[in-house]
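Please look over the sequence and the model shown here before reading the report.

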Amino acid sequence: MVEVYYYIPVNEVDNAVECGLKLSKWAEKEVTIDGESRKCISALLNPKDDMEKYKSADYKCVKLELPHKYCFMADRHLYEVGKKSPTVMDMYTGSIIPIENYIFGSYRLPECLVITTVIAGQISILGKRLDSPVLFNNSEELYINNIIESYKEEHDDFNDCLLYNFYCKLAEIGKADKIEDTDNKIAVFIDRARRRAFTIKTPNIYDY
């Protein structure tokens with residue numbers, strides 16, 4: 001069984017727990033899965049993947065326990081951008097995979113596409129203290145950390161690269177001063193807000 005999370009307006013929670021979630025009512029989107037158009041309920045791997053609803057008094061988080069065969073993973077960010085870009089929407093469709101094939105941290109905002117009605121007994125109210133362990137703070141943080149770690153493994157100067165480009169941008173908008181020694185490949189950035197100087201090695205982006 002798969003455990004995923006879903007937010008429901010507080011005035012509908014009791015009825016949902018007692019009667020379940022009918023797909024025809026709760027489906028949020030219709031997507032192509034294995035060449036077939038399917039209505040889907042869009043659930044989350046982690047309650048904190050939607051912090052707005054997590055903090056809201058208007059919604060309650062419930063846990064859904066479902067068979068694997070009714071659950072598919074997709075990248076919700078691609079879906080949102082894909083509303084304006086057919087190319088990206090094709091990428092979204094291509095991101096849809098069976099949940100058992102999903103590797104945590106692969107998508108910035110993963111959504112679990114539930115393609116079946118959720119019956120009573122498969123849904124329970126979740127308190128702020130989770131009754132099941134969640135191994136990461138939220139999916140977005142895991143996704144970004146995975147990207148950074150993969151580049152750090154390949155490039156010893158990746159941290160310098162991040163900081164150098166960050167401070168170059170601050171210098172562009174007038175929030176930092178930049179003094180660069182191209183011979184020694186060292187840049188000194190004076191952060192105006194912090195009133196501190198930071199010394200950063202100039203990365204060779206062409207090696208990436």
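## Basis of the model

This is a predicted model, in which local features need pLDDT of at least 70, side-chain atom pairs count only at pLDDT 80 or more, and totals for chains, interfaces and linings use all residues. Residues are numbered from 1 along each chain as its sequence is written, and side-chain values use heavy atoms, with hydrogens and water left out.

## The sheet and its helix

Five strands form an open sheet in the order 2-3-7-5-6, with antiparallel pairing. Its edge strands, strand 2 and strand 6 (97-98), each pair on one side only. Strands (E, at least two residues) and helices (H or I, at least four) are DSSP runs, numbered from the N terminus. Two strands pair if DSSP finds at least two bridges between them.

Strand 5 (residues 71-75) runs antiparallel to strand 7, and five bridges join them. Helix 5 (residues 86-95) packs on the sheet and touches strand 2, strand 5, strand 6 and strand 7; contact means heavy atoms within 4.5 Å.

Thr 116 lies in the loop between strand 7 (110-114) and strand 8 (123-125). Thr 116 is buried, at 17% relative accessible area; buried means under 20%, exposed over 50%, and partly exposed in between (1.4 Å probe, protein chains only). Leaving aside residues up to four places away in sequence, Thr 116 touches Leu 23, Ile 41 and Tyr 70.

Asp 34 sits in the loop between strand 2 (29-33) and strand 3 (36-43), and is exposed at 75%. Its phi is near 55°, a positive value in a residue other than glycine. Most residues other than glycine have a negative phi. Arg 195 also has a positive phi, near 55°, and is exposed at 78% relative accessibility.

Technical notes:
Axes fitted to C-alpha atoms, helices over the stretch in contact; angles between N-to-C directions.
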